[in-house]
Amino acid sequence: MEDDGVIAGYAMLVDPAAIGRLAHVFVEITLKSQSEDALEAFEAAVLDCPDVMECHLMSGDADYLLGVLVEDMADYERVHKILARLPGVSRTRSSFVIRTINRRMALAF
């Protein structure tokens, strides 16, 4: 399956709570412009944010959906300030995970 490109890689799963990352936050980002240059600038900058665990270009109201892991609300304030200053950001909207019900890391086939 590796030779066929089905297996994209291998990873070690770390329990975020074990390293003090107790809060999981989803952040919707809306940019001022959706031009190719604006998207590229934002995407390049967000790759340098170690607290951002995932970033998805989205359809709908927000341009991007980010998954962020932080220690607590004070730590999220620090991260929020960084995200708000990324190139082209006009609006952020945050949703805090209360409890994770299911999180699959493998596809069944």
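This dialogue walks through a predicted model, feature by feature.

Student: What kind of model is this, and how are residues numbered?

Tutor: The model is predicted: local features need pLDDT of at least 70, side-chain atom pairs count only at pLDDT 80 or more, and totals for chains, interfaces and linings use all residues. Residues are numbered from 1 along each chain as its sequence is written, and side-chain values use heavy atoms, with hydrogens and water left out.

Student: How many helices and strands are in the chain?

Tutor: Helices (H or I, at least four residues) and strands (E, at least two) are DSSP runs, numbered from the N terminus. This chain has two helices and four strands. Their order from the N terminus is β-α-β-β-α-β. The C-alpha trace spans about 40 × 35 × 25 Å along its principal axes.

Student: What percentage of the residues count as buried?

Tutor: Buried means under 20% relative accessible area, exposed over 50%, and partly exposed in between (1.4 Å probe, protein chains only). Of the 109 residues here, 26% count as buried.

Student: How is a pair of aromatic rings described?

Tutor: By the distance of the centres and the angle of the planes. Rings of Phe, Tyr and Trp (its six-membered ring) pair if their centres lie within 6.5 Å; planes under 30 degrees apart count as stacked, over 60 as edge-to-face, and the rest as tilted. That rule gives two aromatic pairs. Take Phe42 and Tyr64: their ring centres are 4.5 Å apart and their planes at 35°, so this pair is tilted. Phe42 lies in helix α1 (residues 36–46) and Tyr64 in strand β3 (residues 64–70), so the pair ties together parts 22 residues apart in sequence. Phe42 is buried, at 0% relative accessible area. Tyr64 is buried too, at 1%.

Student: Why is the pair of Tyr76 and Phe96 edge-to-face?

Tutor: Their ring centres are 5.3 Å apart and the planes stand at 80°, so the pair is edge-to-face. Tyr76 lies in helix α2 (residues 73–84) and Phe96 in strand β4, so parts 20 residues apart in sequence are tied together. Tyr76 is buried at 5%, whereas Phe96 is partly exposed at 38%.

Student: Which residues join Asp51 in one network?

Tutor: Asp51 also forms a salt bridge with Arg78, with the closest N and O atoms 3.2 Å apart. Arg78 is in helix α2, 27 residues from Asp51. Shared partners join Arg21, Asp51, Asp75 and Arg78 into one network.

Student: Which strands does the salt bridge between Arg93 and Glu28 tie together?

Tutor: First the distance: the closest N and O atoms of Arg93 and Glu28 are 3.8 Å apart. Arg93 lies in strand β4 and Glu28 in strand β1, so the pair ties together parts 65 residues apart in sequence. Arg93 is partly exposed at 48%, and Glu28 is partly exposed at 27%.

Terms used: Salt bridge = Lys/Arg side-chain N within 4 Å of Asp/Glu carboxyl O.
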